[in-house]
Amino acid sequence: MPSNKSVSDAPITQFVNCRILKDHKLQWEDLWVREGKILNPEKLFFDEEGFADHKVDCEDKIIAPGFIDVQINGGYGIDFSQASSDIRGGVALVAKKILEHGVTSFCPTLVTSPSDIYHKVIPELRVQDGGPEGAGVLGIHLEGPFISEEKRGAHPPKFLRTFKAGGLADLMEIYGHLDNVAMVTLAPELANSAAAIHELSGRGIAVSLGHSMADLSQAEEAVQHGAKFITHLFNAMLPFHHRDPGIVGLLTSDRVPPGRTVYYGMIADGIHTHPAALRIAHRAHPAGLVLVTDAVMAMGLPPGRHTLGQQQIDIQGLHAYLTGCTVEAALEAASLHPAQMLGISHRKGTLEYGTDADFVVLDDTLTVRETYIAGQKVWRK
């Protein structure tokens, strides 16, 4: 409650009887929220002489930062790579539905598409804050079309592109513009890719390496030019080999510039990546793990035939798998690490004082019970 010394008249909410994820561990501590931000209780008590207007009993549950999904192609019948008549409405539907999974922010992902699709869809996918209407949009993830034909995976070969001269011209020709773009996945072995990586990184766009035949030296060179992420590690890249570990070797490379971290996305479903491979990656480089869903339009729908961009796919059951890491490590891989990779950990992905009060309440089985955005409850089981 505000006092004469309060810096704000806004109500204060105190979450009690909770274990909060802070400083890389779960600890018994109350969480204080005001005006959509995490509040420092010491400053509240001693500087403002204020106290809580409302108390929420969490009944011994866990409070963790809201989950951030940087690779999600759609869901619930919506494919972000389709130029539908209501693109924004489709994104809004997915944004609303993923609240139940604890996702408070995401990057709508477009797979390799013809340029006219990019020109229609990109202007409609705008960065926006989350709230009761759905998770926030952090920016678009463009996965392709500057990728390897040999490692294209489910990406249609006829729409793949190479860099003619590198840099801005090639990017603008295909994408139209880069407003609201947060990430681009490309293959670093493509000729003239260095200029594109430098251009994107200079604009604050995270460059990810994926769908690639790159060897380790090519991957290291890309990182030195600004690349910082690996799209679905192990999938759609050269397999690890002891003489040349390829992109996978970035996890332990000594040529990553000092002070830089290479992050890597993992689809922890036990299918895309064997659980043993997931454990190897995490134990080699735990600070870089970013959990992604790579969800497609079939998420939330029955098995059957669906689309992914310009292609038909068959979905016959889904699985999820958790590696043997700590609860804290798993939660940070879904929140702190993606925020760090995108350069937004000063406001998202943590419960530090002054950050956005986007968080999830979980029980001991890590089942999402409630989701909050800007301190407001937006979903409850």
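Q: Which residue in β19 is the bridge partner of isoleucine 62?

A: Leucine 362 is the partner. Strands here are DSSP runs of E with at least two residues, and helices are runs of H or I with at least four, numbered from the N terminus. Two strands pair if DSSP finds at least two bridges between them; β5 (residues 54-65) and β19 run antiparallel, joined by four bridges. Keep in mind that this is a predicted model, where local features need pLDDT of at least 70, side-chain atom pairs count only at pLDDT 80 or more, and totals for chains, interfaces and linings use all residues. Numbering starts from 1 along each chain as its sequence is written, and side-chain values use heavy atoms, with hydrogens and water left out.

Q: Which way do the side chains of β19 point?

A: In a regular strand, side chains alternate between the two faces of the sheet. In β19 (residues 359-362), Phe359 and Val361 go one way, Val360 and Leu362 the other, and all are buried. Buried means under 20% relative accessible area, exposed over 50%, and partly exposed in between (1.4 Å probe, protein chains only).

Q: With which strand does β19 form a hairpin?

A: That's β20, with five residues between the strands; leucine 366 takes a positive phi near 65° there. β19 and β20 (residues 368-373) pair antiparallel over four bridges, and phenylalanine 359 stands opposite tyrosine 372.

Q: Which residues of helix α2 are buried?

A: In α2 (residues 87-97), they're Ile87, Gly90, Val91, Val94 and Ala95. Down the axis they fall within an arc of 135°, so they line one face of the helix. The arc is taken from the directions from the helix axis to the C-beta atoms.
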